[in-house]
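Q: I would like to learn how to read a protein structure, one feature at a time. Could we take this one together?

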Amino acid sequence: MASPEVFDALSTRAKDFYEENGYVQLRLAHLPDFAGACEAAYAVSYRMVGSPTKAQAAFANKDGVARHLVGILQEKDPAFRMVLQHPTLVDAYRGILERPQLVFTHAKISFKMPRQAVPWFPHQDNGYKPLATASARRALAVFVFLEHAGERDGTVELFPGSHRLGTLEHTKVREDPVRGDYQLALRDPIDMPSVFVEGRAGDVLLFDGDMIHRSGISRGSSHRIALIAEVEPSIAHRLDAFGRKPQLASGSWSAADRCVFAVKSLCSPRRYWQIVRHVPPVAAAVRWVKATRDKT
Ligand SMILES: O=C(O)CCC(=O)C(=O)O
């Protein structure tokens with residue numbers, strides 16, 4: 001199938017395309033500061049991918065090969081923030097989500113070790129949220145290509161229009177037996193046409209939290225390095241994926257907001273999970289309790 005239409009800004013036509021198809025591809029390398037920020041982020045990412053830390057590596061496959069490095073907005077190096085908080089991208093987030101106060105729930109480097117079995121099965125990002133709230137949270141996925149990626153490199157494949165199906169049932173696919181990593185996959189097969197999004201360095205793909213997507217493996221020598229973040233309106237002082245005050249994508253926090261976040265964060269089990277998940281016996285015990293609870 002042909003490559004999707006590409007826009008050089010979130011114009012009215014680009015926004016209409018997004019509403020209709022559930023995604024839009026922006027080509028922003030014409031903005032010198034954005035192109036420069038992407039180059040800097042690529043250099044840092046390449047280094048990090050070469051020696052991933054245990055704390056950041058995530059979504060490992062059965063051989064322990066990771067697909068993501070998480071927590072990149074908390075990095076000392078500002079490279080990732082320069083890309084994901086670039087004013088043109090912030091305008092695009094606001095243009096799509098139509099709210100002034102937006103947060104990042106998480107952000108990561110997504111990569112594929114060449115010729116390793118690290119595909120992503122068909123899923124919706126909202127599948128990772130409780131079904132009752134998923135579609136109601138109007139989340140937006142941001143996928144920034146830091147290098148060229150086509151089908152052979154394991155680029156993202158989208159199912160245009162699938163965002164209108166709402167959040168569907170997913171099943172857990174357990175992968176790394178040591179770390180207990182798993183990914184979600186749609187419970188039922190999808191019968192819709194798809195598009196492979198071929199991107200250049202500096203392209204940005206924005207898509208709806210209910211968009212069905214998947215990706216294959218890198219069959220050549222590319223690490224297919226991209227940045228992925230999720231942006232959503234700030235509602236009810238929701239914490240980020242690590243149980244902490246989320247980073248702002250747009251807007252600001254008042255002193256009262258900061259106090260509420262501090263208290264919520266101190267009481268958040270996710271925050272403590274980030275600490276104990278690196279202690280194998282404790283992590284195994286927590287996973288056992290969760291699995292037992294899920295079964296009942
Ligand atoms: O990086 C990719 O190819 C896809 C990643 C993905 O689907 C996800 O993080 O949910």
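## Reading strands, helices and a ligand shell

A: Let us begin with one pairing in this predicted model: strand S7, residues 140–145, and strand S14 pair in the antiparallel sense, with 6 bridges between them. Within that pairing, Phe143 stands opposite Ile228 of S14.

Q: How should I think about the side chains along a strand, and is S14 mostly covered or mostly open?

A: The general idea is that in a regular strand the side chains alternate between the two faces of the sheet. As for S14 in this structure, the strand is mostly covered, since 8 of its 8 residues count as buried.

Q: What is the order of the strands in the open sheet, and which of them stand at the edges?

A: The open sheet is formed by 4 strands in the order S6-S13-S8-S11, with antiparallel pairing. Strand S6 (120–123) and strand S11 (195–196) stand at the edges, and each has a single partner strand, so one side of each is left without a neighbour in the sheet. Strand S8, residues 156–158, pairs with S11 in the antiparallel sense over 2 bridges, and the bridge partner of Leu158 in S11 is Val195.

Q: Which residues surround the ligand?

A: The ligand is surrounded by Ser110, Trp120, Asp125, Val156, His213, Ser215, Ala226 and Ile228. Strand S13 (213–215) and strand S14 (226–233) are the elements that give two or more residues to this shell. Sorted by class, the shell has 4 nonpolar, 3 polar and 1 charged residues.

Q: How do I read a helix, and which residues of helix H1 are buried?

A: In helix H1, residues 12–21, the buried residues are Ala14, Tyr18 and Asn21. Seen down the axis of H1, these buried residues fall within an arc of 90°, so they line one face of the helix. On the other side of H1, Thr12, Arg13, Asp16 and Glu19 are exposed.

Q: What do the buried residues of H1 pack against, and what follows just after the helix?

A: The buried residues of H1 pack against strand S1 (6–7), strand S2 (23–27), helix H4 (87–97) and strand S12 (203–208). Just after H1 comes Gly22, which takes a positive phi of about 90°.

Q: Where does Val44 sit, and how is it classed?

A: Val44 lies in helix H2, residues 32–50, and it counts as partly exposed because it has 17 C-beta neighbours inside 10 Å. Leaving aside its neighbours within four places in sequence, Val44 is in contact with Asp77 and Ala79. By contrast, Ser254 stands 210 residues away along the chain, and the C-alpha atoms of Val44 and Ser254 are separated by 32 Å.

Q: How many helices and strands does the whole chain have, and how compact is the chain?

A: The protein chain has 7 helices and 15 strands. Its radius of gyration is 18 Å, close to the 19 Å that the globule rule gives for 296 residues, so the chain is as compact as a globular protein of that length. Of those 296 residues, 36% count as buried. Among contacts with a separation of 6 or more, 80% come from residues 24 or more positions apart.

Conventions: Residues are numbered from 1 along each chain as its sequence is written. This is a predicted model: local features need pLDDT of at least 70, side-chain atom pairs count only at pLDDT 80 or more; totals for chains, interfaces and linings use all residues. The radius of gyration is taken over C-alpha atoms; the globule rule is 2.2 Å times the number of residues to the power 0.38. A residue is buried if 20 or more other C-beta atoms lie within 10 Å of its own, exposed if 12 or fewer, and partly exposed in between; C-beta atoms are placed from the backbone. Two residues are in contact if their C-beta atoms, placed from the backbone, lie within 7 Å. A residue is near a molecule or strand if its C-beta atom, placed from the backbone, lies within 6 Å of it. Ala, Val, Leu, Ile, Met, Phe, Trp, Tyr, Cys and Pro count as nonpolar, Asp, Glu, Lys and Arg as charged, and the others, Gly among them, as polar. The arc is that of the directions from the helix axis to the C-beta atoms. Two strands pair if DSSP finds at least two bridges between them.
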